[in-house]
Amino acid sequence: MKPIDPVKREKALALLASTSDSKLLTHLNSCVRCGLCAISCMYYDTFHEAKYIPAVKVDIVASIYKRYNTFLGKHAPKLVNARPLNEETAEEMVDLLFGSCTMCGRCVTHCSIGVDISYLVHKGREMLAEMGMVPASLQSTVDAAVQTGNNMAIPVEEYTDTIEWMEEELQDEVEDENARIPLDETDCNIFYTLNPREPKFFPLSIKAMAKIFYAAKESWTLSSKYYDVTNYGYFNGNTAEATLIARNLHDEVLRLKGKRLILGECGHGSYANRWEGPNYLGHSYEFDMITAVELIKEYIDSGRIRLDKSLNSEPVTIHDPCNLIRNGGLFKTLRYVLHASCSNIIEMDPYGNDNHCCGGGGGQLAMSEYNERRLGIGKIKADQISKSSAKIVITPCHNCVDQLLQLNHTYKLNVKIMTVAEIVANALIL
Amino acid sequence: MAQYEVDGDGFLKDPDIWNATVAETFAQEDGISELTEDHWKVIDVIREHYLENGNAPMVRKICKSTGLKLKDIYDLFPLGPARGACRVAGLPKPDGCV
């Protein structure tokens, strides 16, 4: 590998030297090496190599901290396992922190003392981003979002053409030529967002959500420029890029005077906007921001939509996206919506807050470099699905959908993968 | 797979070496036993768009140009337009959640 630029290295080290981040210092110095995190990690559970233990991922960041910020680390590094930030260490960090962690946070909930392991993995990624060591395929997804406003670089006219197409399809389906998918309208109650893979390759989920809005008689809009709910800047560790992406969406909601920002079905996008967004922007949002799942629950509660769950009678199971359930608090909300829409739900084991990641989180799906590992750890999820004997897997995250599609194919699960909007739209009484 | 140089996701590293044999090989790996006329319509549209624009076309364009319905595309390529059809057409892996 090429040598690390000394100036960039100093910037990376400065991320650990800050004495104002009490959370960082506490969590870097707390691991007691109990080992409970090992079996909670899909990588360790699949490959049984010590390097995959979450505590080892914490340790590599902690050892660099010690080397430059503690007396013993500076003067007797070997005694305290303090490591210099050199090419060898950095390469190992790339492999462990980018290549072997979905940032699912399952280890965090199993940690005997509550070390926020994902936070430290993210801090390590920030250091690597400072040194220009983000895996190329992940960086290219961020670059597309920064340069074009969406992570698949979809040109505006091709996007609007697809939206118009879905509007026509919706009108046919509900037999009402007044059914609409509004674009760039101002002063709407709802500013809705998409994962770019919807307009690019899988647009039926847009039509499904539009059908729900139609049934609820909602005033809503999509933007033609900034509709992307994802923020891969959260995964590549480049805070400046994450901030720019979050700000584009924030500013667009203000420009169109949307009253509420609805985060489309995307785990990390919801996490990055809702929980990290205020940190990126340096202020709280001026408008309300909730996920599509929570909005649908509101519609059911208030009677704005009516559902006939006998229309979804095939056995279904639920894949809980880590960033919405374990790290997002939507366990009960998601169950509420799905039990109102489906008559035969079989839970996986484990499920809910202890559920396993699909295997494609943490930016893994965008990183070709670690494809084999990703499909390897996905076998845990594939086995869960196959044991459930469900015919449909529902998940409110397009990233999970894509990983599940691949698992379905690779492990011959013979199931159908659907989003929440799709299954709810199917149960609508119009 | 071993005969062509591919990235971690199995997409061709050099899209220029693509030919019909590559397409057939990749299709078989995806469980498509034979490339039908409809498969080729999709592949040709994707390929043409790629050579002109350097990226994958929208599924909208694939439907429009081939006259196929969305459902047909998903049925023809079980891994979907991106990991399925684009890979068979010899494109690099598209960015994003695919």
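Analyst: Let's start with what packs around α5 of chain B: its buried residues sit against α18 (371-388) and α19 (398-410) of chain A, along with α1 (20-29), α2 (37-53), α3 (59-66) and α4 (70-76) of chain B. This is a predicted model, so local features need pLDDT of at least 70 and side-chain atom pairs count only at pLDDT 80 or more, while totals for chains, interfaces and linings use all residues. Residues are numbered from 1 along each chain as its sequence is written, chains are lettered from A and ligands numbered from 1 in the order written, and side-chain values use heavy atoms, with hydrogens and water left out.

Buried means under 20% relative accessible area, exposed over 50%, and partly exposed in between, with a 1.4 Å probe and protein chains only. Contact means heavy atoms within 4.5 Å.

Back to α5(B), residues 80-88: nine of its nine residues are buried, so the helix is largely enclosed by the rest of the structure. Among them are B:Gly80, B:Pro81, B:Arg83, B:Cys86 and B:Arg87. Just past the end of α5(B), B:Gly90 takes a positive phi of about 80°.

B:Leu70 belongs to α4 of chain B, and it is buried at a relative accessible area of 8%. Setting aside neighbours within four places in sequence, B:Leu70 is in contact with A:Trp165, A:Met166, A:Pro203 and A:Leu204, plus B:Val59 and B:Cys63. Going from B:Leu70 to B:Arg83 takes 13 residues along the chain, and their C-alpha atoms are 16 Å apart.

B:Thr66 is in α3 of chain B and is buried too, with a relative accessible area of 10%. With neighbours up to four places away left out, B:Thr66 is in contact with B:Lys41, B:Val42, B:Val45 and B:Ile73. The side chain of B:Thr66 also reaches the backbone nitrogen of B:Leu68 at 3.1 Å. From B:Thr66 to B:Thr36 is 30 residues in sequence and 13 Å in space, C-alpha to C-alpha.

Chain A has 20 helices and nine strands. Its radius of gyration (taken over C-alpha atoms) is 22 Å, close to the 22 Å that the globule rule gives for 430 residues, so chain A is as compact as a globular protein of that length. That rule is 2.2 Å times the number of residues to the power 0.38. Buried residues make up 60% of the 430 residues in chain A. Of the chain A contacts between residues at least 6 apart in sequence, 80% join residues at least 24 apart.

A:His268 is buried, with a relative accessible area of 4%. Not counting residues up to four places away, A:His268 touches A:Thr230, A:Asn231, A:Tyr232, A:Phe235 and A:Asn323. A polar atom of the A:His268 side chain lies 2.9 Å from the backbone nitrogen of A:Asn231.

Notes: Helix = DSSP H or I, 4+ residues; strand = E, 2+ residues; numbered from the N terminus. Polar contact = N/O pair within 3.5 Å; in protein donor to acceptor, adjacent residues only side chain to side chain.
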